[in-house]
Amino acid sequence: MSATPMKKPVALPSEKLTWDILKDVVFKKKWYPQESIFMLYPTFGPAVKKLENKEVIIKGYVIPVDAATNMYVLSAFPYSQCFFCGGAGPESVMSLKPKKGASHKYKTDEMHTFKGKLKLNADDIYEMNYILEEADLEE
């Protein structure tokens with residue numbers, strides 16, 4: 001009797017994520033007593049929820065927050081038009097949490113494609129609503 005060879009698990013392809021999909025969110029003002037401020041609280045729609053915890057690929061403009069500590073934001077728009085300076089909405093940015101060992105350094109407004117796991121955040125006011133964990137440069 002011969003043993004059946006073990007098959008390696010097949011990696012599922014990454015989902016293509018667009019900034020239009022990330023617009024499937026509604027924001028309401030909510031009071032946060034710990035900061036004594038009203039902030040926008042997200043309610044994520046079905047198109048976004050179905051991608052939560054999935055591996056996705058997204059293209060955008062890199063905005064360094066603190067390059068020395070590898071803190072970057074990915075934006076649908078260049079820095080001059082982004083959420084921080086240009087009046088775009090919070091759905092147009094996401095935190096990049098690099099894969100362990102990643103040491104890429106990016107400059108403001110470099111356009112890149114990243115692959116990682118999408119996390120949705122509604123409750124941590126010190127973090128973006130969209131987070132790309134284990135982010136890795138795809139190009």
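What is the volume of the largest cavity? It is about 80 Å³, and the legends below place this cavity among other features of a predicted model. Local features are given for pLDDT of at least 70 and side-chain atom pairs only at pLDDT 80 or more, while totals for chains, interfaces and linings use all residues. Residues are numbered from 1 along each chain as its sequence is written, and side-chain values use heavy atoms, with hydrogens and water left out.

View 1. The structure holds one cavity of 30 Å³ or more; on a 1 Å grid over the protein atoms alone, a cavity is a set of points where a 1.4 Å probe fits but cannot get out, and a lining residue has an atom within 4 Å of a point. Grid points are joined across faces, edges and corners, and the volume is the space filled by probe spheres set on the points. The largest cavity is lined by N70, Y72, L96, P98, A102, H104, Y106, F114, A135, D136 and L137. Strand 8 provides the largest share of this lining, three residues; strands here are DSSP runs of E with at least two residues, numbered from the N terminus. By class, the lining has eight nonpolar, two polar and one charged residues, where Ala, Val, Leu, Ile, Met, Phe, Trp, Tyr, Cys and Pro count as nonpolar, Asp, Glu, Lys and Arg as charged, and the others, Gly among them, as polar.

**View 2. N70 in the loop between strand 4 and strand 5.** N70, which sits in this loop, is also one of the residues that line the largest cavity. With a relative accessible area of 16%, N70 is buried; buried means under 20% relative accessible area, exposed over 50%, and partly exposed in between, with a 1.4 Å probe and protein chains only. Not counting residues up to four places away in sequence, N70 touches L96, P98, A102, H104 and K105, a contact being heavy atoms within 4.5 Å.

**View 3. M94 and the largest nonpolar core.** A nonpolar core is a set of buried Ala, Val, Leu, Ile, Met, Phe, Trp, Tyr and Cys residues joined through side-chain atoms within 4.5 Å. The largest such core has 23 residues, of which M94 and Y130 touch the most other members. Two or more of its residues come from each of strand 4 (55-66), strand 5 (71-75), strand 6 (93-98), strand 7 (111-120) and strand 8 (130-137). In soluble globular proteins, nonpolar side chains tend to be buried together.

**View 4. The largest pocket.** A pocket is an open set of grid points with protein on both sides within 12 Å along at least five of seven lines, and the largest one has a volume of about 530 Å³. Among the 24 residues that line this pocket, I125, Y126, E127, M128 and N129 are the closest to its centre. Strand 6 gives the most to the lining, with four residues, and by class the lining has 17 nonpolar, four polar and three charged residues.

**View 5. The second largest pocket.** The volume of the second largest pocket is about 280 Å³, and of its 13 lining residues the closest to the centre are S14, K54, E55, G116 and K117. Strand 7 and strand 8 each supply at least two residues of this lining, which by class has two nonpolar, two polar and nine charged residues.

**View 6. Salt bridges.** Four salt bridges are found in a search of the whole structure, each being a side-chain nitrogen of Lys or Arg within 4 Å of a carboxyl oxygen of Asp or Glu. In one of them K99 pairs with D136, the closest N and O atoms being 4.0 Å apart. K99 lies in the loop between strand 6 and strand 7 and D136 in strand 8, so the pair ties together parts that are 37 residues apart in sequence. K115 forms another salt bridge, with E138, at 3.9 Å between the closest N and O atoms. The side chains of D20 and K23 also meet in a salt bridge (3.2 Å, N to O), and both of these residues are exposed.
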